[in-house]
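Morning, everyone. Let me put the model up, and then we'll walk through it.

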Amino acid sequence: MEILNYNEILVKEKLNEMWKEQKLLCKCKKCRLDVMALALNQLPPKYVVSEKGELYLKANSFNLQASTDVTKAIVDAMGKVERKPNH
Ligand SMILES: [Zn+2]
């Protein structure tokens, strides 16, 4: 059992998809992690207790509102990193 931030998992999954599509940013690991950190700072933490693996299944069927919030946070974060890359 462990405690996980559900929003962190959603951001990771969504960013995986969006990162392949995006053409604005430098594709290095630093920029990607910066986007992830900025996006997570905009979202409230959503801690859940989970058996390992179980949560990943749930994350695949996350609801539309959560998906919209996460997508918006990532788009915002990408804009910030694009304007001001950290390296
Ligand atoms: Zn970079």
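One term before anything else: contact, or touching, means heavy atoms within 4.5 Å. With that in hand, take Val 11. Leaving out residues up to four places away in sequence, Val 11 touches Met 36, Ala 39, Leu 40, Leu 43, Val 70 and Ile 74.

Some ground rules. This is a predicted model, where local features need pLDDT of at least 70, side-chain atom pairs count only at pLDDT 80 or more, and totals for chains, interfaces and linings use all residues. Residues are numbered from 1 along each chain as its sequence is written, and side-chain values use heavy atoms, with hydrogens and water left out.

Now the layout. The protein has four helices and two strands. Helices here are DSSP runs of H or I, at least four residues, strands are runs of E, at least two, and both are numbered from the N terminus. Along the sequence, the pattern reads β-α-α-β-α-α. Of contacts between residues at least 6 apart in sequence, 86% join residues at least 24 apart.

Back to Val 11, which sits in helix α1. Is Val 11 buried or exposed? Buried, because its relative accessibility is 0%. The cut-offs are under 20% relative accessible area for buried, over 50% for exposed, and partly exposed in between, with a 1.4 Å probe and protein chains only. By that count, 38% of the 87 residues are buried. Val 11 and Asp 69 are 58 residues apart in sequence, yet 9.8 Å apart in space, C-alpha to C-alpha.

Next, the core. A nonpolar core is a set of buried Ala, Val, Leu, Ile, Met, Phe, Trp, Tyr and Cys residues joined through side-chain atoms within 4.5 Å. The largest one holds 20 residues, and those touching the most other members are Val 11, Leu 15, Trp 19, Val 35, Ile 74 and Met 78. Two or more residues each come from α1 (6-21), α2 (29-42) and α4 (64-83). Which element gives the most? That is α4, with seven residues. In soluble globular proteins, nonpolar side chains tend to be buried together.

Cysteines, quickly. There are zero disulfides, a disulfide being a pair of cysteine sulfur atoms within 2.5 Å. Cys 31 is buried because its relative accessibility is 1%. Cys 28, at 26%, counts as partly exposed.

Last, a residue on the outside. Val 49 lies in strand β2 (residues 47-50). Val 49 counts as exposed because its relative accessibility is 53%.

That's the tour. Over to you.
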